[in-house]
Amino acid sequence: MVEFDHQVELDYLASVGLSIPAIVPSIVSHQYFFPTPGWLRYSPIDQATSGAIGAVVSTTILYPLDTCKAKYQAENEIKRKYRNLSDVLWEAISTRQVLSLYQGLGTKNLQSFIAQFVYFYGYSYFKRLYLERTGSKSIGTKANLILAAAAGACTAIVTQPLDTASSRMQTSAFGKSKGLWSTLAQGSWGEAFDGLGISLLLTSNPAVQYTVFDQLKARLLKRNQKIEKGSSPEVLSAFSAFVLGALSKSIATVLTYPAIRCKVMIQAADNDDNVDKKAKKKSGKTLSGVLHAIWKREGVPGFFKGLQAQILKTVLSSALLLMVKEKISATTWIFVLALSKYLLLKPGRLRSK
C-alpha cells in the first residue's frame, strides 16, 4: 500500500490537466489502495521517476483525445466549427492532418516530467517544515491537503509557461503549430503566465474530491450498517472504493470545470490573423472577458462545454495509470538497486571475481 501523502500529487496533477489522475482513492486511515508487493519498498525518488515516466506514457497515448478536447473547449459561438468532439477528429482526417493531433506533445510531456519533480521536492520541503514546526510525527488528512495545495501552487508557477505554450500549440489550426520558443515569443513574458490564477485555484480540486468522497463513504457505511443489523464495517471493499473514487473525482471535475474551460479559452491560440481585431481579442483574454463572453454567447451550458470529454479523459488516464504505474515503479526500483550495487563494488573486488 502506498501512503496517502505520496498519492495526493496524482489528484493535483489531474486537476491541472496532466494525465495522471487517481480516481481510485479508498481513503481509509488516509491511505489509497494501490497494491504493492511486500518485498518492494520504493524510495521517494523512485516514486517521482516512475510517476514522471507514467505521465509521459499516459499523455502520449491520450494526446489526440486531449487535442480534440482542447480545440472543442476553446471554440466560441461566433465562428462555430465543431458541433461535437468527433468533428475535430474528422477535420484532422479530412484535411490529412492526423499527425497534427500530436502538435505540442513534446512540450506537454516536458511539462508533465518537470511537474513531477517540482511537486516532489516542493511537497518534501513543506512536509519537513511542517513536522519541524509542529513537532508532530505524522501528518493528518487536512494538513496533507494543505501541503499538497502549496506544492501544487509551486508546480503551477514553475510550469505555467509550458502549460500556456502547449495549450496554444494544441488549439492552433491543424498544420500551423509552431515550436516551443516560437510560440512563447509570439507574446510578452507576462502572457506566458496566462491562466496562472486559475491554475492556482484548481489546486483545490483534490480537497473537493476528498470532501465528496468522505461524505459518500460515510453514507454508504451507514447504509451497510443498517442492512447488516448491528455490524459496523470500518472499511470499504475494493470495488466500492473504486466506484466512490470515480464518482467523487467526476463530481469534483464538474464543480471545477467552468474554471478549466475559462483557462483553456484564455490560453488558446489566436487563429484569426486580422490585425484590426487584435485589441478586441486581447481584452477577451482576461478572466472577466472570457466569463462575459461565455455568459453572453452560450449561457450557463457554455461553462460546461466539453465536460464529457474531460471526464472521459480522466477515467481513461486513471485506467492507464493503474495498468502501468506499478510495473514502472518495480522496473525503476530494480534498475536503481542494480545501479547502486554496481557503483558500490570496488575495482579490486571486481578483479578478484
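Contact here means heavy atoms within 4.5 Å. The structure is a predicted model. The protein contains 13 helices and 0 strands, and 48% of its 353 residues count as buried.

**Overall make-up**

- Read from the N terminus, the order of elements is α-α-α-α-α-α-α-α-α-α-α-α-α.
- Among contacts in the protein with a separation of 6 or more, 80% are made by residues 24 or more positions apart.

**Helix H3 and the residue that follows**

- Helix H3 spans residues 85–94, and Val88, Glu91 and Ala92 are buried in this helix. These residues lie on the same side of H3 because they cover an arc of only 95 degrees around the axis.
- Arg96 follows H3 and is found in the loop between H3 and helix H4 (105–134).
- The phi of Arg96 is positive, near 55 degrees, in a residue other than glycine. In general, most residues other than glycine have a negative phi.
- Arg96 has a relative accessibility of 77% and therefore counts as exposed, the cut-off for exposed being over 50%.

**Helices H4 and H5**

- Helix H5 covers residues 141–171, and its axis comes within 8 Å of that of H4, with a crossing angle of roughly 160 degrees. H4 is therefore roughly antiparallel to H5, since angles over 145 degrees are counted in that class.
- The crossing in which H4 passes H5 is right-handed.
- The residues of the contact of H4 with H5 comprise 18 nonpolar, 9 polar and 3 charged.

**Helices H9 and H11**

- Helix H9 (residues 238–267) packs against helix H11 (residues 287–297) at an angle of about 110 degrees, and their axes are 10 Å apart. H9 is thus roughly perpendicular to H11, as the range for that class is 65 to 115 degrees.
- H9 passes H11 in a crossing that is right-handed.
- On the H9 side, the residues that meet H11 are Arg261, Cys262, Met265 and Ile266. Their counterparts in H11 are Leu287, Val290, Leu291 and Ile294.
- By class, the residues of the contact of H9 with H11 are 7 nonpolar, no polar and 1 charged.

**Ser248 in helix H9**

- Ser248 lies in helix H9.
- With a relative accessible area of 0%, Ser248 is buried, because the limit for that class is under 20%.
- Leaving aside residues up to four places away in sequence, Ser248 touches Gln209, Val212 and Phe213.

**Trp189 in a loop**

- Trp189 is located in the loop between helix H6 (180–185) and helix H7 (196–201).
- Trp189 counts as exposed because its relative accessibility is 64%, and the class begins over 50%.
- Between Trp189 and Pro161 there are 28 residues of separation in sequence, and the C-alpha to C-alpha distance is 8.8 Å.

Methods. Residues are numbered from 1 along each chain as its sequence is written. This is a predicted model: local features need pLDDT of at least 70, side-chain atom pairs count only at pLDDT 80 or more; totals for chains, interfaces and linings use all residues. Side-chain values use heavy atoms; hydrogens and water are left out. Buried means under 20% relative accessible area, exposed over 50%, partly exposed in between (1.4 Å probe, protein chains only). Helices (H or I, at least four residues) and strands (E, at least two) are DSSP runs, numbered from the N terminus. The arc is that of the directions from the helix axis to the C-beta atoms. Axes are lines fitted to C-alpha atoms, for helices over the stretch in contact, and angles run from 0 to 180 degrees between N-to-C directions. Angles under 35 degrees count as roughly parallel, over 145 as roughly antiparallel, 65 to 115 as roughly perpendicular and the rest as oblique. A crossing is left-handed if the near helix is turned anticlockwise from the far one by less than a right angle, and right-handed if clockwise. Ala, Val, Leu, Ile, Met, Phe, Trp, Tyr, Cys and Pro count as nonpolar, Asp, Glu, Lys and Arg as charged, and the others, Gly among them, as polar.
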